[in-house]
Amino acid sequence: MNWENILTEIILSIVGIVISGLGTLVAYWISKLIKNEKIKAIMNSLNEVVKKATLEVYQTYVEGLKEKNIFDEEAQKTALKRALNIIETNCTQEVKEWLKTNVSDVQEYLTGLIEAQIALLKK
């Protein structure tokens, strides 16, 4: 792993924290923290895909189960799988390649972004 990859991992961690704590300011922080326009575009694209996938699964799957009080651990796993599948389907090839190159565990990273979006939905 070279220094650029290490720096990218650090930035990704910072962005993850920013997403969970300051969801509406994500685009602003990405813009300020990341000077490389290509990476900035990739991060903004990824953030939008994750946000839309999380909201879609919440609205079409989770809400109904919560209303019936049957949103258990198995349903949570199913919701996560659905969100990950939507993200996989909707990410551009450029974003997918960037994730494979720069993130050591893509599924874990995406799961963290989904969980951050869920935290924002709860507020």
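**Helices, salt bridges and a pocket**

Student: In which helix is Met43 found?
Tutor: In this predicted model, local features need pLDDT of at least 70, side-chain atom pairs count only at pLDDT 80 or more, and totals for chains, interfaces and linings use all residues. Residues are numbered from 1 along each chain as its sequence is written, and side-chain values use heavy atoms, with hydrogens and water left out. Helices are DSSP runs of H or I with at least four residues, numbered from the N terminus, and the run covering residues 37-67, where Met43 is found, is α3.

Student: Is Met43 buried or exposed?
Tutor: Buried means under 20% relative accessible area, exposed means over 50%, and partly exposed lies in between, with a 1.4 Å probe and protein chains only. Because Met43 has 3% relative accessibility, Met43 counts as buried.

Student: Which residue forms a salt bridge with Lys38?
Tutor: A salt bridge is a side-chain nitrogen of Lys or Arg within 4 Å of a carboxyl oxygen of Asp or Glu, and by this rule the count comes to 4. One of them, at 3.9 Å from N to O, joins the side chain of Lys38 to that of Glu94. The pair links distant parts of the chain, 56 residues apart, with Lys38 in helix α3 and its partner in helix α5 (residues 93-102) being Glu94.

Student: Which residue caps the N-terminal end of α6?
Tutor: Helix α6 covers residues 106-122, and its buried residues are Tyr109, Leu110, Thr111, Leu113, Ile114, Ala116 and Gln117. At its N-terminal end, the backbone nitrogen of Gln107 lies 3.4 Å from a side-chain oxygen, and that oxygen belongs to Asp105.

Student: Which helix supplies the largest share of the lining of the largest pocket?
Tutor: A pocket is an open set of points on a 1 Å grid over the protein atoms alone, where a 1.4 Å probe fits, with protein on both sides within 12 Å along at least five of seven lines, and lining residues have an atom within 4 Å of a point. The largest pocket is lined by 17 residues, and those nearest its centre include Phe71 and Ile114. Helices α3, α4 (73-90) and α6 each supply at least two lining residues, but the largest share, 6 residues, comes from α6.

Notes
The expected span of a helix is 1.5 Å times one less than its number of residues. A polar contact is a pair of N or O atoms within 3.5 Å; within protein, one must be able to donate a hydrogen and the other to accept it, and residues adjacent in sequence count only if both atoms are side-chain atoms.
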